[in-house]
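User: I would like to go through this model with you, one question at a time, beginning with the contact between the chains and then turning to individual elements.

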Amino acid sequence: MPPIETRRSAIDAGQTAQHAADPALKLADLSLLPRWGIKGSGIWTWLDKQGAATPARDNIASTLPDGSTVARLSPGEALILSSFPRGEAMLAAAFDSLSAEGQDACYPVPRQDSHCWLVLEGHNASLALAKLCGVDLAADRFAIGSVAQTSVARLSAIVIRNERPKNISFSLLADSASAQYLWDCVIDAITEFSGAGCTIEALQPPSR
Amino acid sequence: MKRLDHEFRLPAASSQIVNRGKPLSFTFEGRSYEAFAGDTIASALAANGITTFSRSFKYHRPRGFVSLAGCEANTLVSVNRVPNVAAEWHVLAEGDDVRAQNYSGSLAFDWNASIGLFGRFLPVGFYYRAFFRPKGAWRFWEPFIRRMAGLGKVDLEVGHGYFDKAYLFADIAVIGGGAAGLSAAIAAAQTGNRVVLIDDHPVLGGALNYTHDNRAADMRRDLISRLVSLPNVRIFSGARCEGLYSDNWLAVVQGRRLHKLRAGRVVIATGAFEQPAVFRNNDLPGIIFGSAAQRLIKLYGVRPGTRAVVFTANDFGYGVALDLAEADVEVAAVIDARTSPPASTLRSAVAGKNIRIENSTVISEASGRKRVRAVRLAAIRPGGEIDKAGETIECDLVCMSAGFAPNLALAAQAGARLVYDARTAMHVADGLPENIEIAGAANCIFELENAMRDGAKAASTQKNGNGAGEASAITVPGACPIVPHRDGKEFVDFDEDLTINDIVDSVASGFDDIQLLKRYSTAGMGPSQGRHSSINTIRLAARARGLAEQEIGTTTARPPYSGISFGALAGRGFEPVRRTSMHRRHLEAGAKMMPAALWMRPAYYGSAAGAATAIAAEVAAVRGSAGLIDVSTLGKIEIRGPGAAEFLNRMYFTGHLKQQSGRARYAVMTDATGTITDDGVICRLADGHFFVTATTSGVEAVVRSMYFWNAQWRLDVDIANVTSAYAAINLAGPHSRAILAMLCDDVDLAPDAFPYMGVKCGHIADVPARILRVGFVGELGYEIHFASGCGEHVWDRLLEAGARYGIRPFGVEAQRVLRLEKGHIILGQDTDGLTNPLEIGMGTSGSSKPFFVGAAALNAFRERGIDRKLVGFVCDAGAELPQECHLVIDNGKIAGRVTSCARSSAAKSIIGLAYVRPHKAEPGQTFSIRAGSGRLVTATVAELPFYDPENERQRL
C-alpha cells in the first residue's frame, strides 16, 4: 500500500471544516482508513488460515476481535473494513503480503481505492437513508451485521449495519470517483434530521 | 355593503382545527382577508362570506365548493403563483396570495359568462364536429379553443422548488384515517405488524370529525389515543395515496415528497363520496353536500349560511339538519325524496325541533345569480313521475344528502372489478387481489361501530371480499331521483359543465358504451375524475339505453388518484458524477471541465475565450518538451488466473496467448456480429495476470461481456473492474523520461531496458505504480497507473519534477489533435455501432486465431467485402475547417462522413479521418466534403500517420 501521507480523500476538506460539534445524525468520511477486498474460490480457506471468523452466508458481516469487519458479498468475494475510529485490522499484514497476481484462487481487490467509505450514525439513520435507498434499512429489519448490495442515490453501493448496539450505524461504500457526490447526497438527506458531517473521532466507539 | 371579517365564524368552541389565538391575513383576488391558523383557503373564504371561488370550465358560471373534500375543479385556485391548488386542502400561511382561475375580466364579472346564453347551441362534442371543416379550419379555431380550455396558468418565472422522494416500508398499509382505517391500523399494530397509516385529511378521524353522532367525538378520541400509543405505527396525515401498483407498491404524496411505499398487505379504508342531487341550477354557490356543511361547522367553526333547505334521500340529511340548527342556521325544510322513510331517531329529533319535513318531494330548480336565493319544490307522484314545480322556498344554503359512492379508485387500480348494487345504488369491489382488503364506508358499511369492526377485521384476517353481502350493515339504501328540467342546466358533472342532455345526447349519438360515453362527453375526465359524476352518468346512460345500471359497467380507474405536481414526480434528481482524484488540481489550474460519460475531464486549461491558444500551447508542450494528462477515466480491468491468457485471446480480436510478461499490446474487442465494441491496451504483468485498459464509456459493457462469455466458457479466471481504484497519468514528450527518472529509482527507464510497449512495475514518488510505455499521442511517453487515493500526490510531484522542462498539463482537446496527427482512432468517434475491424484497416489478411468473439462474422465480412473504409485525409490549410459528421460527397451523392478533423501545426494543413467508399480509399485520391457553409471542400486521401510516419519519436 502507498504511504498514508501520499493519500488524500476525494471528499473536499471544505466540508469537514464545517462539521458540527455533535449533530443528531453524524456523517463521517472514513475513506483514509484501511480496507481490502478479496475474490476467488479460495478466499474462505485463506481467511480461515489467518484466523478470521467468516460469515456463514452471503450479505452478512461479522466483526473480528480487533473491531474490524469481514463482509461476505458473495460465495467468492469478501470485503474487509478496518476498525473505526482506530483503523486497525488483524488481517492487514496478511493482505500486504498477498500477491497481486493472486495465489490459491485468492485474488486481492484494491477496495481501499475503488470504494469510498462513509459512516452514517444516529437514531434517524434509517429514515434518512430511506430518502436515498430502496432497501428497508429499519433497525428491526436490517440487523447488525446485515449487508445490502444496492443503489444509494443511484450509485451502486454496499451498505453494512455496523456493530454499534447503542446506536444505529451504517457503513456506505461506493465508487470512490463519486465520493463527493455521495457525500453531498447524504448530507442533503440528513439535514432534515439535524444531521451534519463530523470527524471520525466524533463517531461512537465500539462497545467492546 | 361592507363585509365584516369572520362574518360567518361560529363561537370558538365549535371548531376543532383553527386556532383563534393565531390570526393571519391573506389576499384573495388582491383583497385582504383575515383567517386563523389552521384555516384552509376554503374555510377562510367561507368565514368571510365568499362563496364564489372560480368560474366553471365551459359556461363560466360562478362556482364555490360543493364537497369541501378537495374533489372538484370548482375549488382549484392559484396560490403564490402555483396553479390548481385545492382550496379545501391548502392550509393558509400569513400573506398567501390566492387567485381564482378560469375567468376573463374579473371573478365577479366574467366576460365569458355569456357563453351560457348559447348553451343550447353548444351541445356535447360540438367542437369535434364543428371545427374540422373546411380543411384548415382547425388551425384558425385552435388558438381560441386553447385559450378557453385548461385550468390555471403555469407561471414560467416561478423558481425551482425543493421536492424529493423517500421509500417507506410496512407490513400493513392502511389508506384512510376514518373509523375503519383507525381501527384497522390499531388491530394490525397490536399484533406486531409495522403499520403505515395514510390519511389525506389534515386531522385524523374522517367522518368521526363531523358526522351527526353523539358518540363520534369520544370514538375518535379513543381511537387516536390508542393509535398514537403504538410505537409500530407511522401516521402520514395530509398525505394522499395516488397509486396502488403491483405487489402492493403504493405512491403516496405528502407535501413536496413522493413516498414509494412497499406494503405486505393493504387495507383500503378510503370512505365514500357524497353524491350531488341533479336539478336545474344545482351548481349555484351555496348548494353543497350535507357533509360539507358539517365539515365547515365542526372542523373550522364556520356557519355555512343563514337559511337552509336540506335535500335528502337518506337519514344522513336529518343529521345535517340538526347540525345546521345547532350552528344557528335556520332550517327552512328537509326535503326527503323517499315516499315513506322509515321512522328513526334522527327524523324524530328534526320533527321535535319543528323543522318542516316534506316526503316524496324533490328540489326541481334553484335560483339566484351568484349564490342560491331560493329553491322550487316538486312532488313525486306514486308512479315515480315528478310533478311540475310548485312552492318556492327562499334560502341561501342548500345541503344535499343524495347518496354515496364508495371510494374504490385504489381497489380498481389494483385490479378489482366494480359491480353496481341496485339495492344501494352503489358500486362494490369484486375480485380483489390477494393481500388487499376494503373496509368501512368504502365497503358500503356506514354505521360507525360496524365500520370499526370491519376495519379491525380487515387488518387481522384475510377476508379478501367486500361487505356488500352483509345486508345488516347497509344503512344507506336507494338513489335520489334525477330531476330533468325543460330549460336544462341540471349539472351532472361540475368539472366539465355537463348536463343531463349532454349525457343523453351522447348516448343518442351512438357513444353509448360507458368508455365511449366518457371520452365523447368528457364526463369524469375533469380533476374530480368522476367521483361526483360517475354514478349519475351511469344512471342516465342506463335510462337512455333501457338497461339496468349494472349492465352499463364502469370506466377504468388509473393512477394517479388525483393530480400530482411535476415537481413531486421528478423529485430530487440523482445524477451521479465521477471525478478523478486529481479533479481539484485541474480546477486550481483553471481547467475548463467537460463531461466524458459520467466523468468530468479537463478539456483544456484556460479561459473559454483563449481556448484555441491554450490548446495549441498544450500541443506544442507535448511535441516540444513534456506534458501530462489525467487519463484516470480509462477503464481498468484485472484478469487473473491460470486461464487468463486463453480468456483474453478469445475475448479480443488481437492475439494474446504468446504475449510476453512485461509487454503491452493494443487490443480491439468485437462482438458476435464482428462490430468493434471497445479498444484498449492489454498488459501482461505475469503469466496469470493481465492488466487491461478499456475506453472511458465502454468499460462497464466490456466487463459485462467478459462475465457473460466466461459464464459459458468457465475458464479459471477472475475478472475485476478496478477502474476507480487506479488513477492514471500519461506523461508524454521528449523530456518525459528525464522527468520520470527524477521520481522513480526502482525501474530502469533506459530505452533498451524499457522499450516501446513495455510494462514495468515500480514506485513513483514512493507510490507503487504500473508504468506502460505507450504512445497514444505519438511521443515518448509513459502511462502511469497507481492507487487513486494518491492522485494529487503523484500529479504534484510530476509537475514539480517537470518544471525545469516547461511541463504543462494538457486536456482532452489537445489530446484529440495529438492522436489525430498519429492517426489513432477514438472508439465511438471514429467508429460507430456498425464498424468492423476491416473498415479501419485491421485484419484484412485474416487471423491466425481459431476463435475469438466475432471471428465468424468477420470471416463473412472478408468474403462479402466492405462498403466503406476509414481513411486519413488532408485539406489545404486555408480551406474551411470541416467538422465531425460533415458529409463526404462523391458525384453529388453522400459517400461517407468525417469522423475527426483539426488544423495541425505539425502537418501544416487540415487533417482528418473520414469514411469513404473503398474505391476512393487509396492515398492520393480526392473527394469532397460539404462543410458548414454548404461549400464543398476538396480533401485528399493521405497515408497515416500524418506525423512522424516512421514512429521514431515514440520509440526514443
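**Interface, sheet and local geometry**

Analyst: This is a predicted model, and a first point about its interface is that the rule finds nine salt bridges between chain A and chain B.

User: Which residue of chain B forms a salt bridge with Arg141(A)?

Analyst: A salt bridge requires a side-chain nitrogen of Lys or Arg within 4 Å of a carboxyl oxygen of Asp or Glu. For Arg141(A) the closest N and O atoms are 3.0 Å apart, and the partner in chain B is Asp171(B).

User: Which element supplies the largest share of the side of chain A that touches chain B?

Analyst: Between the two chains there are 22 residue pairs in polar contact, both residues being at pLDDT 80 or more. On the side of chain A that touches chain B, at least two residues each come from β6 (107-109), α4 (111-114) and α6 (179-191) of chain A. The largest share is four residues, and the element that supplies it is α6(A).

User: How do the residues of the side of chain A that touches chain B divide into nonpolar, polar and charged?

Analyst: The contact involves 42 residues of chain A and 46 residues of chain B, and about 3,500 Å² is buried between the chains, with 51% of it on carbon and sulfur atoms. For the side of chain A that touches chain B, the division is 21 nonpolar, seven polar and 14 charged.

User: Why is strand β22 of chain B largely enclosed by the rest of the structure?

Analyst: On one side of β22(B), Leu397(B), Cys399(B) and Ser401(B) are buried, and on the other Val398(B) and Met400(B) are buried, so both faces are covered. Strand β22 (residues 397-401) of chain B is largely enclosed because its buried residues number five of the five.

User: How many residues of helix α21 of chain B are buried?

Analyst: The buried residues of α21(B) include Val812(B), Leu818(B), Arg819(B) and Glu821(B). Among the elements covering the buried residues are α16 (611-624), β44 (893-904) and β45 (909-916) of chain B. Helix α21 (residues 812-821) of chain B is largely enclosed by the rest of the structure, since the buried count is eight of the ten.

User: Which backbone nitrogen lies 2.8 Å from a polar atom of the side chain of Ser904(B)?

Analyst: Ser904(B), which is found in strand β44 of chain B, is buried with a relative accessible area of 4%. Glu821(B), Ser909(B) and Ile911(B) are touched by Ser904(B), not counting residues up to four places away in sequence. The side chain of Ser904(B) reaches the backbone nitrogen of Ala906(B) at 3.3 Å, whereas the backbone nitrogen at 2.8 Å is that of Ala907(B).

User: Is Arg714(B) buried or exposed?

Analyst: Arg714(B) is not a glycine, although its phi is positive at about 55 degrees, and its place is in the loop between α18 (699-713) and β36 (718-721) of chain B. Its relative accessibility is 70%, and the cut-off for exposed is over 50%, so Arg714(B) counts as exposed.

User: What is omega for the peptide bond from Phe84(A) to Pro85(A)?

Analyst: Pro85(A) is placed in the loop between β5 (77-81) and α3 (92-96) of chain A. The peptide bond from Phe84(A) to Pro85(A) is cis, and omega is near 15 degrees.

Conventions:
Residues are numbered from 1 along each chain as its sequence is written. Chains are lettered from A and ligands numbered from 1 in the order in which they are written. Side-chain values use heavy atoms; hydrogens and water are left out. Contact means heavy atoms within 4.5 Å. Buried area is the accessible area (1.4 Å probe) that two parts lose on being put together, summed over both. A polar contact is a pair of N or O atoms within 3.5 Å; within protein, one must be able to donate a hydrogen and the other to accept it, and residues adjacent in sequence count only if both atoms are side-chain atoms. Ala, Val, Leu, Ile, Met, Phe, Trp, Tyr, Cys and Pro count as nonpolar, Asp, Glu, Lys and Arg as charged, and the others, Gly among them, as polar. Buried means under 20% relative accessible area, exposed over 50%, partly exposed in between (1.4 Å probe, protein chains only).
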